[in-house]
There are 2 protein chains.
Amino acid sequence: MSDLPDFVLSCPVPLPPGDRVLLGHGSGGVLTHRLITDLLAPLFDDPELARLGDAAVLDLPGGDRLAFTTDAFVVQPSFFPGSNIGTLAVNGTVNDLAMMGAIPLALSAALILEEGLELAVLGTAVASMAEACDAAGVRLVTGDTKVVERGAADGLYITTSGIGLVPAGIDIGPDKARPGDVVIVTGPIGSHGVAVMSRRGGIDFESEVVSDTAPLTALAQAMLATNGVRTLRDATRGGVASVLNELAESSTVGIVADESAFPVLGPVRAACEMLGLDPLYVANEGVAVAIVSAETADAALAAARAVDTGTHATIVGDITEHDDGGPRVHLRSGLGTTRPLIMLAGDQLPRIC
Amino acid sequence: MSDLPDFVLSCPVPLPPGDRVLLGHGSGGVLTHRLITDLLAPLFDDPELARLGDAAVLDLPGGDRLAFTTDAFVVQPSFFPGSNIGTLAVNGTVNDLAMMGAIPLALSAALILEEGLELAVLGTAVASMAEACDAAGVRLVTGDTKVVERGAADGLYITTSGIGLVPAGIDIGPDKARPGDVVIVTGPIGSHGVAVMSRRGGIDFESEVVSDTAPLTALAQAMLATNGVRTLRDATRGGVASVLNELAESSTVGIVADESAFPVLGPVRAACEMLGLDPLYVANEGVAVAIVSAETADAALAAARAVDTGTHATIVGDITEHDDGGPRVHLRSGLGTTRPLIMLAGDQLPRIC
């Protein structure tokens with residue numbers, strides 16, 4: 001971009017000269033958070049955007065509450081054990097709607113294709129989108145296709161946006177957790193990130209780890225029916241650790257979780273040890289963090305476990321008062337000691353979704 | 001993609017082995033049309049998708065009619081005379097809604113950033129998005145940011161999706177043109193494509209051509225108020241020629257237009273002659289083709305001309321019966337001869353939006 005005339009640069013937010021985008025800005029961790037809260041969101045003066053939820057919720061004149069969300073998918077490689085970018089793009093957007101309590105209504109898909117991509121690869125990925133739409137009970141109703149030269153993309157990128165209807169009576173949000181509430185993780189963590197990494201590195205684990213990508217609408221609705229859910233968030237980029245930090249920050253509370261309580265499948269645990277990854281920071285594509293009231297926690301857990309995608313749901317911790325300025329999220333070890341669980345600073349796994 | 005295991009390839013549409021994506025698949029012409037109608041759309045069984053409108057229109061339970069659209073913007077360079085990718089991304093999606101008769105309600109933005117992009121460039125483009133949202137009277141309410149390695153994108157790509165409300169009583173569509181109807185072009189053609197090309201080639205025209213990017217909601221609503229509009233479509237990729245062919249095809253009619261009637265600004269005409277481009281195929285970002293009933297044509301023209309973005313609106317031709325199998329769109333020259341105006345076969349200007 002060095003040939004850009006100076007006159008076109010008129011960024012209203014003062015920036016150190018020469019500051020550039022880093023891979024970590026896409027990690028879902030601290031850098032992503034700062035890029036959005038310090039540079040991008042302030043350029044718009046919109047309360048719904050500033051809330052930084054998984055989806056915006058808008059009241060329509062006819063009385064419907066509409067959830068609206070978007071996600072770009074750049075996962076590399078595009079095909080990985082258990083799934084591919086097409087399925088991921090559908091489920092990821094369906095889940096952003098589901099986490100607002102919405103029933104998905106329709107999706108759009110915008111494809112950016114690299115010149116030279118095999119049409120059979122494109123057709124396979126898009127066929128997977130169609131299957132995932134069927135499985136999630138949502139229509140894909142509009143789209144766009146752009147092509148860039150060889151070397152100006154990496155195979156294919158898919159941006160899906162989605163709209164969904166939020167049923168009456170649902171009142172959840174990242175700022176609604178209260179001390180005494182209970183934290184539930186709805187499934188075994190780390191599978192998606194490890195599946196992608198295994199294919200990327202050509203690593204051959206003894207038992208293959210497959211992505212957990214799945215639509216979470218049924219799980220979310222089952223838990224919401226217990227009437228004690230404060231907030232739901234799917235633990236994608238940055239993993240469960242980032243979600244816990246974001247929710248604690250939004251609700252100005254603390255969280256104490258039991259390190260040993262988090263469900264992790266054996267092969268994922270083994271792969272993480274081999275690769276030096278902490279599963280708490282590894283991306284999931286079919287796992288949510290739910291914060292629920294203490295009195296409904298057992299009912300919410302039972303409701304989650306009754307749904308296919310929630311059979312491994314587990315209570316992992318509690319919401320606490322937080323009145324000092326330090327880290328908000330802590331892990332309790334088996335020895336009874338606690339240590340802070342901070343947000344990811346760099347980029348553990350770039351292009352994981 | 002050659003390292004892709006064979007087992008993952010399961011494209012349900014039979015394809016010649018080794019067929020690959022060409023730049024022309026992104027042209028907005030014949031190849032784009034074929035990619036969508038032969039490969040992508042058949043993978044979904046959705047009537048709204050199959051209609052291939054600028055936006056899908058959905059009936060919501062509360063009684064609202066919602067238009068929903070998406071567009072990926074990959075224009076190269078990202079900054080060009082008169083505008084940049086941020087403004088384009090907002091206006092392009094606003095216009096897809098406007099062409100359905102919708103009033104834009106909210107937009108989403110998904111950014112794909114190349115590692116190393118200057119943050120000031122990003123900030124400037126996103127600030128332009130905010131300005132364009134203000135000008136178009138629409139909110140940006142949700143977004144996503146992904147980062148890919150150097151060489152896996154080209155600066156920044158922006159996918160905007162939008163939702164809008166279609167007022168009661170609006171009944172337009174690409175299949176509604178009837179013999180005897182009149183074709184209006186709402187502004188001088190070719191400015192956007194020439195502006196981008198001039199910056200790309202480092203070409204210095206005597207008088208600078210600037211992009212015509214602009215929101216067309218007011219123009220569309222003014223024309224719709226005359227109650228004779230059959231269909232509206234903004235003439236982006238593939239230019240006016242492609243739009244005329246698409247509309248003639250959808251409505252199973254013919255179109256005869258006067259070559260000399262199309263408004264073209266002097267500097268655009270000069271640049272097209274120099275570059276060997278036909279302005280009828282050059283992309284516009286603030287020009288629509290409207291097909292209106294003969295009895296309301298004068299009123300529609302006057303309504304368009306009363307709006308800033310429509311001061312150069314002109315009647316360019318008529319809808320005719322079309323009963324042979326040949327080309328549907330013809331141009332009448334100054335000498336009274338006619339020749340077919342076919343859809344763009346290759347890719348005149350890649351990455352123009």
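Two residues are in contact here when heavy atoms lie within 4.5 Å. By that rule, 96 residues of chain A are in contact with 96 residues of chain B. This is a predicted model, in which local features need pLDDT of at least 70 and side-chain atom pairs count only at pLDDT 80 or more, while totals for chains, interfaces and linings use all residues. Residues are numbered from 1 along each chain as its sequence is written, chains are lettered from A in the order in which they are written, and side-chain values use heavy atoms, without hydrogens and water.

Let's look at the interface first. The table uses buried area (accessible area, 1.4 Å probe, that two parts lose on being put together, summed over both) and salt bridges (a side-chain nitrogen of Lys or Arg within 4 Å of a carboxyl oxygen of Asp or Glu).

| Interface of chain A and chain B | Value |
|---|---|
| Buried area | about 8300 Å² |
| Part on carbon and sulfur atoms | 69% |
| Salt bridges | ten |

Arg20(B) forms a salt bridge with Glu118(A), with the closest N and O atoms 3.8 Å apart.

Now for the sheet in chain A. Strands are DSSP runs of E, at least two residues, numbered from the N terminus, and two of them pair if DSSP finds at least two bridges between them. Five strands form an open sheet with mixed pairing, in the order β1-β2-β7-β5-β6. β1 (56-59) and β6 (139-148) of chain A stand at the edges with a single partner strand each, so one side of each is left without a neighbour in the sheet. Strand β5 (residues 103-114) of chain A runs parallel to β6(A), joined by nine bridges. Ser108(A) stands opposite Thr142(A) in β6(A).

How values were computed: Helix = DSSP H or I, 4+ residues; strand = E, 2+ residues; numbered from the N terminus.
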